[in-house]
Every structure is written in C-alpha cells, then in structure tokens.
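Subject: Structure for you to look through

Dear colleague,

Here is the structure that I promised to hand over. Please open it first, and then read my notes below beside it.

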Amino acid sequence: MKQNRTTRTRSSGLTAAAFAVAALAPSAVAGQELAAPGPQVIDRVAAVVGDSIILLTQLEERILQMGASGMQTPLRGSPAYMEFRDEILESLINEQLLLQEAIRDTLITLDDERLDALVEDEWNSRAEQFPGGQAELVRELSRSGFTSVSYREFLRSQLAKQQLQTQLVQRRAQSMRSITVSEDEVQAFFDQQGDQLPEMPARITLKQAILQPLPSQEAKDSAKAEADRILEMFVTDEEEFEDLARRFSDDTGTQRNGGDLGWFRRGSGFVQEFEDAAFALFPGQVSIPIETVFGYHVIFLERIRGPERKARHILIAFELGEDDLAASQARASDLRTQVEEGGDLRTLSDELGDAVAMYDSATIATSQLQSLPPALGSALSVALAGTVVGPLDVGGRPGAPNLAVVQVLERREAGVATLEDLRPQIEGQLRQQKILEAVLLELRSSTYISVKL
C-alpha cells in the first residue's frame, strides 16, 4: 500500500460545496454574459494524485467555470480567494481519486445511449435559461471560445466522469450497509433549509397490490408441450433459433428481433428462474423449457463477456381460460374485503404468492393521477383517505387483465413540505454523503497525493 503524503495538512474537502461538480459550467443565467477568461497564467502542477497531475490552469479554469455558472466567487488575490481556491483544488483531487478507482473497476461501464441522452438534456436545460433559446446559448458560448459541437463534447466528458463516479459510490454502498443516518442528523438537515423548503403539490398516499391471473395446470401443460416441440425443431431439425423466435415467441418485445435480449448481467431485471437458467449455459447451448410466471422460456446463449451474457429466448405464454380469469377476480375481491376489515395489505399480498405481480406504496401528486391506467386514475381522484378501491383493471396481457386493489392512506392539500414529506430524500442524501466520505478517506489513505501550491 502506498503511503499518503501531502505537502500541506488540511481538511479532506468533503463539504458539499467543495465537492459539487461545477464542471458542467460554463453556463449563464438568462441575460448574464459568460465570464471572460482571466489573466494569462503560466502553467504549473497544482497537485499530484496517484499517477495523474492537476495543472494550475485546470484549477483556474474550474473557478472561471463556477463564476460563469452564476456562483459568487471571492475577489481574486484576496485571502478569501486563496482559501476558496484551496477548497476547489481539494474537490478536483477528490474527483480524480474517484475517477481513477472507477476506471480500475472493470464492472463499471458507460452506457453510450444514456450518456447521449444526458448530454441532450443538459444542453436543452441550459438553452431554456436564455430568452433566445439555443441560438442565444450558442452566441454566449462563442464568447468563451466554444462552438456548439465542442461544448457538447465538453458536456459529454464531464457527464461521463460523473457517471463513473456515481457507479463507483453505488457499488461501494453495497458493502457499507452499516452506514446509517440518525434522526438528529435528519432533523438538523431539515432545519437548515429554512425558507428554502419546496412547495408540495396536492397529493395522495397509498398502498397497492397488483394481482395477475394464474394459469390452470392444463394451461401449463399445454405451454410446456409447445415449448418442447419448438426446442425439438431447433435441436433435431436444426432450424435457426432466431427464425423460430420470430415465428412462435409470445414476447412481443423481442419477437421481431429473433428473441434477442442483448447483453445483460445478474440483477438486470429478469425473474430469478430465467436468470439462473441463462447463467448456467455455455455459449452455443440451449436450455430446456424454463417455467416462470410468464410462461415457458427456451433460452439460447450466444456469448459470454466477463459477468455479462448475450442471449435469445422464445416465450410460450400460458393460455388463460375463463375459469382462470374468474378465479383472479375472486382473489382480488377477497383481498379488498380483508383489507377493509383491517387486514394488512402487504402481509395479505405476501400470502397470495405468485398471484401478486407487484406490491407498492407511493405518494402521487393528484395532478399525475391522469397518467395512471384510466380505471385506477378515476377511482383515486375521488377516493377518500382510509378507503379501499378495486379490483380495477390496470392492463396486462391481452385477455389476461391485471387487477389492482388500492388502500388510500392519506390525502393532502398543496403546501410547504414537512419533514415527513422530505424524509426519504434527506435520509438518502445524507447516507450517500457519508458513503462518499468513507470512500474518499479510504482512497486518500492508499493513494499518493502531493499538493504543490
């Protein structure tokens, strides 16, 4: 382990202000010009971090970018400015530590499509700050030496770093479950907000269980027989798997692409039975029919790349009869009755096993109820606190509707947010901050750091 050495003793710079990634600047509020470049600086090394260096021009550029984004910075050359500059240098050191560690972690990757979308969102967000939209943004950028293309490349670079750092902290969080946030810390954070507390819209808090119809044994046997027949066509008749998927698969999302699932890892959202079967195969192997709540799957593994798999599948869905649908309706009606009589929706949902496709609790703005399935949105728009609604048709496979049973816990009018409104966000933010601090302390203890200023 390398010894951590610095030429100056100072705090680790873990305050939110110091670590905030202001590198997405330059930007400007509407009507305010982007900051012009400061005096010419002869370049020198500001800090050494592991096998990388941070140049003085990078530090000065970050400060200029923060000023361009509307942040008030101390007068250049003043004692306050020197202290501010030291804080920003510490934040750059922290960023470099996280970036180096993220690059070393082979399980951390960048999703190019998501990155492109983030760049576009950031670009549009900045353009909205100007009355003249994108045209005015481009004019303002040109004053700082950016073209629209070079600025998008700049945004992409900074957002890529953020994504790598975020993934690193998320991965480390899995091994830091003991890190908790106390009630005093939550209260103190809330009290610090003062008059900055957000206005909350009118909202409704609820619990819901979504029930799905279950197939009869006859329906299961029929699907299994069909899956066996298709597997035989692949193995014996040597038909192409993707052709069979296009002809027979009931998975409308992958059927056109020959059952292609792309690259995926464990925990990518597949049900456990499917995931276990896929990861037990070798490239070129095909599975026996695998039963899940959706039907029977035949899986063909194409490639392995580290922890990732690339596969195709064919789904033979269960054909549900009238008796199956009637049984689902009866289960949902009985569930509503038990909840109305005082039963706990979560406990009762667990007891129903596979019949419950999802259990959830949520707080929804009443203005968003129209985005829910029509039957559900209409019922909730008039439901009183303490009532139970359902069963309600909330969609599902054609001919096999899912049914919702919803318990309305509370309705609240619009108003300033309370501690309970913000508790989940505050707890999450404080825990993430603690995890970040722990990760940085660990990295600082094992990385050579030398501050040259």
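In this chain, residues 24 or more positions apart account for 70% of the contacts with a separation of 6 or more, where contact means heavy atoms within 4.5 Å. Please keep in mind that this is a predicted model, in which local features need pLDDT of at least 70 and side-chain atom pairs count only at pLDDT 80 or more, while totals for chains, interfaces and linings use all residues. Residues are numbered from 1 along each chain as its sequence is written, and side-chain values use heavy atoms, with hydrogens and water left out.

The chain has 14 helices and 13 strands, which are DSSP runs (H or I, at least four residues, for helices; E, at least two, for strands) numbered from the N terminus. Of its 453 residues, 41% count as buried, that is, under 20% relative accessible area with a 1.4 Å probe and protein chains only, whereas exposed means over 50% and partly exposed in between.

The largest nonpolar core holds 32 residues, and among those that touch the most other members are Ile-54, Leu-59 and Ile-435; such a core is a set of buried Ala, Val, Leu, Ile, Met, Phe, Trp, Tyr and Cys residues joined through side-chain atoms within 4.5 Å. Helix H3 gives the largest share of this core, ten residues. Ile-435 touches Val-169, Ala-173, Met-176 and Ile-179, leaving aside residues up to four places away in sequence.

Helix H3 also holds Gln-100, which counts as buried because its relative accessibility is 9%. Gln-100 lies 50 residues from Gly-50 in sequence, yet the two are 8.5 Å apart in space, C-alpha to C-alpha.

Nine aromatic pairs were found in the whole structure; rings of Phe, Tyr and Trp (its six-membered ring) pair if their centres lie within 6.5 Å, with planes under 30 degrees apart counted as stacked, over 60 as edge-to-face and the rest as tilted. Tyr-151 and Phe-154 are stacked, because their ring centres are 6.0 Å apart and their planes are at 20 degrees. Both residues lie in helix H6, three residues apart, and both are buried. The rings of Phe-264 and Phe-279 also have centres 6.0 Å apart, but their planes are at 80 degrees, so this pair is edge-to-face.

With best wishes
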